[in-house]
Amino acid sequence: DGMTPCVTDYCPSYGNDLVGCDHDPRCHWNTSTTPASCQPTECTVAHNTKYPPTSTVADTCESDPNCKKGSDAKGDYCETARCSDLLTNCECSKNPDCYWDSTTDPKCRDVHVSACPDLDVVFVLDGSGSMSATFGNHPHGYYGMVEMLRDWMQTLPLTGEDHTVGAASSVKGGTF
């Protein structure tokens, strides 16, 4: 009919390749399904269409404060914007999940973790036989737990500092 959007989905080609999926900004590893699989992000689904036919990814993506335009060898695409990707007060204030911190190190921060103190996080996972049983939507508890932790870790504003830095860290403001 000429009005049906044309969508290219790059994600199924990753199959069980978790690392490949996570390195493609169009995709994310979905652990809410069994088995876990590579799925397009919300920004990919919402904005990587050629509809109407005269629009471009930039036209639709940049109007969404939760998304940002990217480009690679496959062409232009729309990906999820993190607060740290938003470099100006104006860009930051458009995203309801972000706020502009104008302290000594001005930057856009995530409102969900802005009041959190700096801390180290340690995980201890059960290694008993019960972890080989079903866990939520996952047929194997250990794999399900690791996938869920990995997904959660991707949403945290981690500093990337080595644990040996300790109290000498100069990074402040709701980061882990």
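A: The backbone oxygen of Arg-26 lies 2.8 Å from a polar atom of the Thr-44 side chain. That is a polar contact: a pair of N or O atoms within 3.5 Å, where, within protein, one must be able to donate a hydrogen and the other to accept it, and residues adjacent in sequence count only if both atoms are side-chain atoms. The model is predicted: local features need pLDDT of at least 70, side-chain atom pairs count only at pLDDT 80 or more, and totals for chains, interfaces and linings use all residues. Residues are numbered from 1 along each chain as its sequence is written, and side-chain values use heavy atoms, with hydrogens and water left out.

Q: Which side chain does the side chain of Thr-44 make a polar contact with?
A: That of Thr-41, at 2.8 Å.

Q: Where is Thr-44 found, and is Thr-44 buried or exposed?
A: Thr-44 is in helix α2, residues 42–47. Helices (H or I, at least four residues) and strands (E, at least two) are DSSP runs, numbered from the N terminus. Thr-44 is buried, with a relative accessible area of 6%. Buried means under 20% relative accessible area, exposed over 50%, partly exposed in between (1.4 Å probe, protein chains only).

Q: What does Thr-44 touch?
A: Pro-25, Arg-26 and Cys-78, not counting residues up to four places away in sequence. Contact here means heavy atoms within 4.5 Å.

Q: Back to Arg-26. Which residue forms a salt bridge with Arg-26?
A: Asp-24, with the closest N and O atoms 3.5 Å apart. A salt bridge is a side-chain nitrogen of Lys or Arg within 4 Å of a carboxyl oxygen of Asp or Glu. Both Asp-24 and Arg-26 are buried.

Q: How many salt bridges in the whole structure?
A: Three. Another joins Asp-85 and Lys-68, at 3.3 Å between the closest N and O atoms. This pair links distant parts of the chain, 17 residues apart: Asp-85 sits in the loop between β4 (75–80) and α4 (89–94), Lys-68 in strand β3 (residues 67–72). Asp-85 is partly exposed, at 29% relative accessible area.

Q: And which residue does Asp-101 pair with in a salt bridge?
A: Arg-109, with the closest N and O atoms 2.7 Å apart. Asp-101 and Arg-109 are both buried.

Q: What about strands β5 and β6, in which sense do they pair?
A: Antiparallel, over four bridges, with β5 at residues 98–101 and β6 at residues 107–110. Strands pair if DSSP finds at least two bridges between them. β5 and β6 form a hairpin with five residues between them.
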